[in-house]
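Subject: Structure for your files

Hello,

Here is the structure, with the sequence alongside. My notes on what was found follow below it.

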Amino acid sequence: MHRNPTGVYTRQQRIACNARSHPERAFTSLAHHLDLDWLLEAYRRIRKDGAVGVDGQTAAEFEADLYGNLERLREAALSGRYRAPPARRVYIPKGDGTKRPLGIPTLSDKILQRAVAMLLEPIFEQDFLACSFGFRPGRSAHQALDYLWRNAMRQGGGWVFDVDIQRFFETLDHDRLREVIARRVSDGVIRRLIGKWLNAGVMEGAQWYRTRQGTPQGGVISPLLANAYLHAVVDEWFDREVQPRLKGRAFLVRYADDLVIGFTNEVDARRVAAVMAKRLDRYNLRLHPEKSRLVPFRAARRRAGPRPGSFDFLGFTHYWGRSRAGRPVILRKTAKTRVRRVLGLVNQWCRRHRHWPVAEQCDRLSRLLRGHYAYYGVIGNSRSLRQVLHAVKRLWIKWLGRRSQRRMNWETAQRLLQRYPLPPARLSRYASVAG
């Protein structure tokens with residue numbers, strides 16, 4: 001595949017430089033960048049093995065006439081003839097037992113969305129603040145956790161406002177989003193494409209549904225649009241309007257639509273908690289009435305004192321404990337909902353695949369555990385990792401023992417685990433952030 005990624009990167013750098021030099025500027029001419037090299041690079045960056053969209057087209061089929069397909073896609077986008085196909089809706093289970101809707105675009109739509117995201121990202125990255133980490137280049141969930149830990153430790157605790165925006169991706173207001181995008185992008189071709197994606201609707205089975213609000217989770221451009229929206233709604237507002245009016249110190253950390261705000265002053269915390277609902281309401285968003293809560297978060301000074309509160313963020317429960325030297329420190333452990341989720345998946349997998357060769361089962365479970373350790377293997381979470389490993393072993397042995405009428409005794413199970421060992425719990429060098 002011929003491509004010129006260096007040329008694309010150079011143009012992105014030029015766009016970023018202009019955006020940084022003119023923070024109030026709305027770009028009027030961007031669509032001319034959508035040439036064949038740009039679309040080739042967009043094609044290179046998308047996943048080729050993902051689920052297919054409503055047209056059923058695979059990457060192999062698209063590549064059969066790669067240059068011709070990309071050229072037709074480019075001409076349709078620039079001429080205004082492009083019709084955004086609906087996303088294919090599927091559902092995935094959430095930790096609370098509910099299901100999250102996902103929208104799967106067609107392969108052509110993924111390419112075009114990626115190409116437009118490659119245009120918008122250099123612009124909005126100049127505006128986004130340091131407190132935002134979700135779906136941004138060079139930023140990760142572990143960096144968000146590190147940012148939270150360092151700021152909370154620097155403040156010595158205080159109060160935490162755990163903010164949950166109810167059904168954010170499903171209720172994002174299209175008109176408000178267009179206003180946010182228009183602040184930085186006035187190119188008619190790009191704005192029309194975004195409008196077409198917002199209005200494309202979804203296919204659920206054979207039924208098409210119009211989408212008057214929201215942006216499909218699973219869409220390539222959706223994370224960038226969501227970040228731009230919440231930057232205007234929360235990040236910028238908190239930085240420019242809220243913090244200057246506070247009596248004490250405060251910080252905000254956001255990963256996509258998951259965010260927490262830390263305060264040293266209780267009065268500040270209660271004032272912001274009271275006004276947050278009104279702020280979100282202006283943009284047709286809602287605080288979750290049960291999951292959003294204000295948590296006292298300060299290390300207990302005496303054994304007889306009240307136990308300090310805890311809160312969950314990005315799959316971890318954050319709580320106050322003691323370091324080995326006896327000093328108060330914020331610790332983290334895998335959230336109970338995440339433990340239940342992974343063990344539920346392991347239980348289902350072992351039940352369905354219990355007749356596979358034992359070596360293949362061991363290999364699959366080992367890969368799952370290594371992935372779990374890679375994310376949750378932060379300092380202070382060793383006990384939770386060992387508990388998950390022990391539970392996975394028990395589930396595996398349970399379902400292996402049901403492959404025949406004869407139940408597996410403890411000695412047989414131990415010999416099997418020695419012959420087919422699962423990887424021991426260990427901290428990840430990637431996930432061992434401050435703590």
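Packing here rests on contact, meaning heavy atoms within 4.5 Å. Those buried residues are V189, I190, L193, I194, G195, W197 and L198, where buried means under 20% relative accessible area, exposed over 50%, and partly exposed in between (1.4 Å probe, protein chains only). The expected span is 1.5 Å times one less than the number of residues in the helix. As background, an α-helix has 3.6 residues a turn, so residues three or four places apart point the same way.

Before going on, note that this is a predicted model: local features need pLDDT of at least 70, side-chain atom pairs count only at pLDDT 80 or more, and totals for chains, interfaces and linings use all residues. Residues are numbered from 1 along each chain as its sequence is written, and side-chain values use heavy atoms, with hydrogens and water left out.

The chain as a whole

The protein chain has 15 helices and 11 strands; these are DSSP runs (helices H or I, at least four residues; strands E, at least two), numbered from the N terminus. Its radius of gyration is 25 Å, close to the 22 Å that the globule rule gives for 435 residues, so the chain is as compact as a globular protein of that length. That radius is taken over C-alpha atoms, and the rule is 2.2 Å times the number of residues to the power 0.38. The C-alpha trace spans about 70 × 60 × 40 Å along its principal axes. Of the 435 residues, 49% count as buried. Among contacts between residues at least 6 apart in sequence, 71% join residues at least 24 apart.

The protein chain carries 80 positive and 39 negative side chains, and the centres of the two sets lie 10 Å apart. Lys and Arg count as positive and Asp and Glu as negative, while His and the chain ends are not counted; each charge is placed at NZ of Lys, CZ of Arg, CG of Asp or CD of Glu.

Helix α6 and its end

The 15 residues of α6 should span 21 Å at 1.5 Å a residue, and its end C-alpha atoms are 21 Å apart, which agrees. Its buried residues include L145, L148, W149 and Q155. Among the elements that cover the buried residues of α6 are β6 (250-255), β7 (258-263) and α13 (358-376).

Q155 lies in α6 (residues 141-155) and has 11% relative accessibility, so Q155 counts as buried. Leaving aside neighbours within four places in sequence, Q155 is in contact with R249, A250, F251, G262, F263 and T264. The C-alpha atoms of Q155 and Q166 are separated by 29 Å, at 11 residues apart along the chain. Just after α6, G156 takes a positive phi of about 75 degrees.

Two backbone points to check by eye

Most residues other than glycine have a negative phi. R167 has a positive phi, near 50 degrees; R167 sits in the loop between β3 (158-164) and α7 (168-171) and is partly exposed at 48% relative accessibility. N284 also has a positive phi, of about 60 degrees. N284 is in the loop between α11 (266-282) and β8 (293-297) and, at 37% relative accessibility, counts as partly exposed.

Regards
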